[in-house]
Amino acid sequence: PNELRWRAPKSRGLATLPRPSLGLFLALVDIILESTESATRLFLNMMDEESGPHSYWFSVDDDTKLTLCLVSIRGKHVMLQEPEVRGWVLGRLKEEIESPSNSAYNSKSSLLPDGWLKELVTGAFYNAECDIGLGLDAMLTSRSPKHEDSVCYRQDMRRVRELLIPQKRSCGIDFDLIIASLLILARRGCDWREGTQISAQTLLNTVCDMAGRKTNVEPRFIFDGATVMRQCALSDNIQAAAFLVGGKKGLVLECADLVTSNLSMTMKNAEIALSIGSLVDLKGAVAPIYERMIQKEECSFAPTVCHEHLMWLLEEHVLNVHTYGEFDSSSHTGKIDPVYAGRVCFRAWYCLTHPSILRISAKWLEGWMRRKLALTKGQSPRRLACAALVRTLLWADETEELDLGDGDDEPLLAAVMEFDERFIAELAQACCGLIQSIPPHLAEELMSSVGGPNMFSLEAPLLNSAQ
């Protein structure tokens, strides 16, 4: 019993008996667990007189549990698939994340060493039989080659996602274990595996983006999304939280993370500026920040990494819209409608650009969108994307009480961004006749007033708005 539990036998008199050899302990455990597929469960059910009425797992010390839970048998970390073992591991991860001293991490005082956490992540991927667990991530580069188009960590995530597909006969991905472990490693600034080209944060973002979604393999354990979300908040990891939430709220968090990482703005104020407040509130929130900054007069604009990230989001959610149904986000689980995405991204662009170069940046952004839309002289093959941009830039934020009168003091997003009027006019011309270029409730009013959807043209109203 003592050798199997890496436990010192009871002392006799004043003599202190030594603990059995760790090597002997692991050798005995390996022999037992390799004997049959059901050996793990039988092993954990063992009891001895000295331990009292407790099964094996509850009769060993914590350092023994740390060693046992990572035992690998034929490439599988079998202990992590057992409920009591997994529950104990999750409890320790939870304690580490909630520790009040987490901001000043000391590896010597922590009971969860970096190496143990790395092995835990790798073991969970081994159990799911993902390609990333086999070391195929070495084939990926940390970033794609620089080119004219935008690049951001979202592109790295797409490549990593291809390596996270579990095999059908596996136990699936244990999102709770992996996310909690990666949150700690990311907070410590550690790689999740030695020699890897994928950062812990990129891997964490990708796993969070997959968590809770339907996969080809149903995980053995139910994902506890509420607990994991709380852990993301406690770790102050906004990126992970954004991908875990997904949808519109996730997009706002993702863009707010870009803003707060570059400006002295709180997360709450950033969320308000990007999604809740009016455009007047947006300008009022950003102006004081840049007044305290010294900016040299510049005649050119070069996009930063954050700008490139916003360009990727614009292309993904706005410029690549192909179907009418994409404008109705309620019918697409996890899908963000292009108008909402456009508003959030343009607002974030405004926040990240110094007022002195805003007009120059708008001109640069116009050229990029022209190329993506193949927009020439008011003609584009991507008419739905043009309609989404028109509705985003030329119409005030859509509410049931939208005032279409001239007395509305709310500026248009196109004016706030300082886009050229000719560019806006060409966008409007490219989508003439598409009902998607105006707010839904206004389209319903127009159709009901004229008697049907095919009895009017939107060309004149749109061109007048652009002018």
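Mentor: Welcome! The largest nonpolar core here has 72 residues, and those with the most contacts inside it are Cys255, Val259, Phe346, Met369, Phe419 and Leu427. Helix 15 (residues 338-352) gives the most to this core, with 10 residues. This is a predicted model, in which local features need pLDDT of at least 70 and side-chain atom pairs count only at pLDDT 80 or more, while totals for chains, interfaces and linings use all residues. Residues are numbered from 1 along each chain as its sequence is written, and side-chain values use heavy atoms, with hydrogens and water left out.

Trainee: What makes a set of residues a nonpolar core?

Mentor: Its members are buried Ala, Val, Leu, Ile, Met, Phe, Trp, Tyr and Cys residues joined through side-chain atoms within 4.5 Å. A second, separate core of 65 residues includes Val121, Cys130, Ala180 and Ala200.

Trainee: Which residues is Leu427 in contact with, leaving aside its neighbours within four places in sequence?

Mentor: They are Leu373, Leu375, Cys386, Leu389, Val390 and Leu393. Contact means heavy atoms within 4.5 Å.

Trainee: Why is His317 called buried?

Mentor: Buried means under 20% relative accessible area, with exposed over 50% and partly exposed in between (1.4 Å probe, protein chains only). His317 has a relative accessible area of 12%, so it is buried. His317 sits in helix 14 (residues 305-319) and touches Arg154, Ile336, Pro338 and Ala341, not counting residues up to four places away in sequence. Across the protein, buried residues make up 49% of the 467 residues.

Trainee: How many helices and strands are there?

Mentor: There are 21 helices and zero strands. Helices (H or I, at least four residues) and strands (E, at least two) are DSSP runs, numbered from the N terminus.

Trainee: Why is helix 7 called roughly antiparallel to helix 8?

Mentor: Helix 7 (residues 175-188) and helix 8 (residues 200-210) pack at about 150 degrees, with their axes 9 Å apart. Axes are lines fitted to C-alpha atoms, for helices over the stretch in contact, and angles run from 0 to 180 degrees between N-to-C directions. Angles under 35 degrees count as roughly parallel, over 145 as roughly antiparallel, 65 to 115 as roughly perpendicular and the rest as oblique. Helix 7 is therefore roughly antiparallel to helix 8.

Trainee: What classes of residue make up the contact of helix 7 with helix 8?

Mentor: That contact has 12 nonpolar, one polar and no charged residues. Ala, Val, Leu, Ile, Met, Phe, Trp, Tyr, Cys and Pro count as nonpolar, Asp, Glu, Lys and Arg as charged, and the others, Gly among them, as polar.

Trainee: What about helix 8 and helix 10?

Mentor: The axes of helix 8 and helix 10 (residues 238-245) come within 7 Å and cross at roughly 20 degrees. That makes helix 8 roughly parallel to helix 10. Gln201, Leu204, Asn205, Cys208 and Asp209 in helix 8 meet Gln239, Ala240, Phe243 and Leu244 in helix 10.
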